[in-house]
Amino acid sequence: MENNQVYVYDYTCNQMCQIKGIRFAAIINNKGRKIAGGFRSNITPLENDKQKMEMLFMEVALDLSMRKEFDDSLGNINAIVSYRNKTNIITIPHEDNLMLISSEPELDPNKVISMAHQTLRPIKILEVVNR
């Protein structure tokens with residue numbers, strides 16, 4: 001992946017982290033590796049174990065990949081939301097990657113998903129132009 005692509009992804013994740021109630025926003029590749037983004041500043045992570053975080057990234061990438069098996073019959077996935085007591089985990093497919101977002105439980109996931117799609121839209125345009 002080119003450095004300017006990572007920069008654009010970092011900027012996009014940073015934009016998402018500016019939204020009140022967003023704890024974490026990152027771009028994860030299809031192998032489950034974080035390629036951009038991270039925690040909002042001044043946020044204490046709910047999980048501090050780096051290996052567990054890497055496992056979470058791999059798990060969401062695998063989950064999305066497995067769910068895509070039904071795209072032909074059910075349609076494309078727009079987002080996956082996992083509602084937890086302390087946070088909502090939102091997975092949004094983007095090209096061969098995904099955006100992973102952690103938000104406060106009281107934040108409406110549908111609004112977060114809409115904002116993420118709006119934020120990712122310019123990246124899609126850049127990818128088409130740079131091909």
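The protein chain carries 16 positive and 16 negative side chains. The centres of these two sets lie 5 Å apart. This is a predicted model. A search of the whole structure turns up 2 salt bridges. The chain holds 4 helices and 5 strands.

**Charges and salt bridges**

- R23 is buried, because its relative accessible area is 8% and buried means under 20%.
- E104 is partly exposed, with a relative accessible area of 22%.
- D63 and R67 form a salt bridge too, and their closest N and O atoms are 3.0 Å apart.
- Both D63 and R67 belong to helix α2 (residues 50-67). They are 4 residues apart, which is about one turn of the helix.
- D63 is partly exposed, at 29% relative accessible area.
- R67 is also partly exposed, at 41%.

**Overall build**

- Starting at the N terminus, the elements follow the order α-β-β-α-α-β-β-β-α.
- The C-alpha trace spans about 40 × 35 × 30 Å along its principal axes.
- For 131 residues, a compact globule would have a radius of gyration near 14 Å. The protein chain has 14 Å, so the two agree.
- Buried residues account for 38% of the 131 residues.
- The chain exposes about 8,500 Å². Carbon and sulfur atoms supply 49% of that area.
- Take the contacts between residues at least 6 apart in sequence: 50% of them join residues at least 24 apart.

- A61 has its place in helix α2. At 6% relative accessibility, A61 counts as buried.
- Setting aside residues up to four places away in sequence, A61 touches N29, N30, G32 and L98.
- A61 and E95 are 34 residues apart in sequence. In space, their C-alpha atoms are 13 Å apart.
- M66 is found in helix α2 as well. M66 is exposed, because its relative accessible area is 53% and exposed means over 50%.
- From M66 to L98 there are 32 residues in sequence and 14 Å in space, C-alpha to C-alpha.

**Strand β2: G37**

- G37 is placed in strand β2. With 24% relative accessibility, G37 counts as partly exposed.
- Beyond its neighbours within four places in sequence, G37 is in contact with D10, C13, A25 and A26.
- G37 and Y7 are 30 residues apart along the chain. Their C-alpha atoms are separated by 9.5 Å.

- N42 lies in the loop between β2 (34-39) and α2. Its phi is near 70°, a positive value in a residue other than glycine.
- N42 is exposed, with a relative accessible area of 81%.
- E95 lies in the loop between β4 (88-94) and β5. The phi of E95 is near 55°, again a positive value in a residue other than glycine.
- E95 is partly exposed, at 32% relative accessible area.

How values were computed:
Residues are numbered from 1 along each chain as its sequence is written. This is a predicted model: local features need pLDDT of at least 70, side-chain atom pairs count only at pLDDT 80 or more; totals for chains, interfaces and linings use all residues. Side-chain values use heavy atoms; hydrogens and water are left out. A salt bridge is a side-chain nitrogen of Lys or Arg within 4 Å of a carboxyl oxygen of Asp or Glu. Buried means under 20% relative accessible area, exposed over 50%, partly exposed in between (1.4 Å probe, protein chains only). Helices (H or I, at least four residues) and strands (E, at least two) are DSSP runs, numbered from the N terminus. The radius of gyration is taken over C-alpha atoms; the globule rule is 2.2 Å times the number of residues to the power 0.38. Contact means heavy atoms within 4.5 Å. Accessible areas come from the Shrake-Rupley method with a 1.4 Å probe; for residues, only the protein chains shown count as cover. Lys and Arg count as positive and Asp and Glu as negative; His and the chain ends are not counted. The place of a charge is taken as NZ of Lys, CZ of Arg, CG of Asp or CD of Glu.
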